[in-house]
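Hi everyone, thanks for coming. Let me put the structure up, and then I'll walk you through a few spots in it.

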Amino acid sequence: MAWFKRTDKGIKTSTEEKKDTPDGLWYKTPNGSIIHTRELKNNSFVCPDDEYHVKIGSKEYFEILFDGNNYTELDQNMISGDPLKFVDTKPYKSRIEATIAKTELKDAVRTAVGRINEMDLVIACMDFNFIGGSMGSVVGEKIARAIDYSLKNKIPFLMISKSGGARMMEAGFSLMQMAKTSAKLALLDKAAIPYISLLTDPTTGGVTASYAMLGDFNIAEPGALIGFAGPRVIRETIGKDLPKGFQSSEFVLEHGFLDFIIDRRQLKNRLTTLLNLLRN
């Protein structure tokens with residue numbers, strides 16, 4: 001059994017000299033597929049083995065959509081106030097400051113104007129990392145101003161939604177954003193300027209009940225959670241078990257609330273086709 005014994009004795013490697021694999025080089029999907037992060041990024045953050053669409057934010061969507069990642073950000077320094085002096089486990093103002101420091105985002109949406117395949121486009125994209133992508137006063141105001149920019153310059157508007165719903169720390173101020181953004185979109189419709197709504201995982205609550213479902217085309221990514229109330233709340237309210245796949249984008253498409261589901265790798269080209277269709 002000599003092969004089972006170490007022939008070189010006294011091998012000593014200090015802790016400092018040990019080489020470990022750096023964190024973040026590989027990504028494992030919920031289905032168990034493993035992919036290198038570089039390959040994942042080059043594939044629009046979609047795992048080719050199981051087609052899983054990794055959750056991404058505005059930075060990644062802008063890189064995917066804008067030509068050469070060139071764009072001008074709108075209203076980038078707008079920050080939430082604290083109109084209600086709200087306190088739960090910590091003051092709302094402190095929560096905002098901590099989230100800004102952690103995420104390097106000013107709020108749960110970023111708006112920008114640029115070109116995709118040589119076509120002008122205004123994009124508002126939500127970030128779930130900022131307090132669950134919740135819709136507060138800043139989110140509503142930035143979306144409203146982005147729509148105003150579209151109206152003034154006659155540029156199509158794309159909304160990328162990713163949200164847990166209205167921000168409870170702003171209560172009624174948050175709920176008012178549903179009406180404000182919907183009214184602005186009505187002006188966009190009256191001016192015959194195209195509006196496309198992309199629903200990603202998750203899109204829920206007041207966002208679903210307002211601007212997310214008001215597009216000339218409502219489209220979604222595969223496997224996205226789309227709904228108003230959560231499955232548990234609905235189950236307890238109606239007293240029945242929910243169908244399999246309930247509130248997935250595939251289920252929502254089947255029941256007529258979406259126009260189609262789109263693979264993120266095809267998003268830029270499909271958007272170009274839609275915009276050409278809507279403008280002609």
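Let's start with T99, which sits in helix α3, residues 92-103. Keep in mind that this is a predicted model. Is T99 buried or exposed? Its relative accessibility is 13%, and the cut-off for buried is under 20%, so T99 counts as buried. Leaving aside residues up to four places away in sequence, T99 touches E104, N129, F130 and I131.

Now to the aromatics. How many aromatic pairs does the structure hold? There are six. One of them is F62 with F66, a tilted pair, with 5.3 Å centre to centre and 55° between the planes. Both of these residues are buried, and together with Y71 they form one aromatic cluster.

Another pair is F157 with Y195: the ring centres are 5.5 Å apart and the planes are at 25°, so this pair is stacked. F157 lies in strand β6, residues 157-163, and Y195 in strand β7, residues 195-203, so the pair ties together parts that are 38 residues apart in sequence. F157 is buried at 1% relative accessibility, and Y195 is buried at 3%.

A quick word on cysteines. C47 is buried, with a relative accessible area of 0%, and C125 is buried at 0% as well. As for disulfides, the count is zero.

Last stop, the surface. Which residues make the nonpolar patch of about 310 Å²? They are L25, W26 and I34. Of these, I34 is found in strand β2, residues 34-36.

That's my tour, happy to chat!

Technical notes: Residues are numbered from 1 along each chain as its sequence is written. This is a predicted model: local features need pLDDT of at least 70, side-chain atom pairs count only at pLDDT 80 or more; totals for chains, interfaces and linings use all residues. Side-chain values use heavy atoms; hydrogens and water are left out. Patches are made of residues with over 30% relative accessible area and no salt bridge: like charges are joined within 9 Å, nonpolar side chains (Val, Leu, Ile, Met, Phe, Trp, Tyr) within 5 Å. Accessible areas come from the Shrake-Rupley method with a 1.4 Å probe; for residues, only the protein chains shown count as cover. A salt bridge is a side-chain nitrogen of Lys or Arg within 4 Å of a carboxyl oxygen of Asp or Glu. Helices (H or I, at least four residues) and strands (E, at least two) are DSSP runs, numbered from the N terminus. A disulfide is a pair of cysteine sulfur atoms within 2.5 Å. Buried means under 20% relative accessible area, exposed over 50%, partly exposed in between (1.4 Å probe, protein chains only). Contact means heavy atoms within 4.5 Å. Rings of Phe, Tyr and Trp (its six-membered ring) pair if their centres lie within 6.5 Å; planes under 30 degrees apart count as stacked, over 60 as edge-to-face and the rest as tilted.
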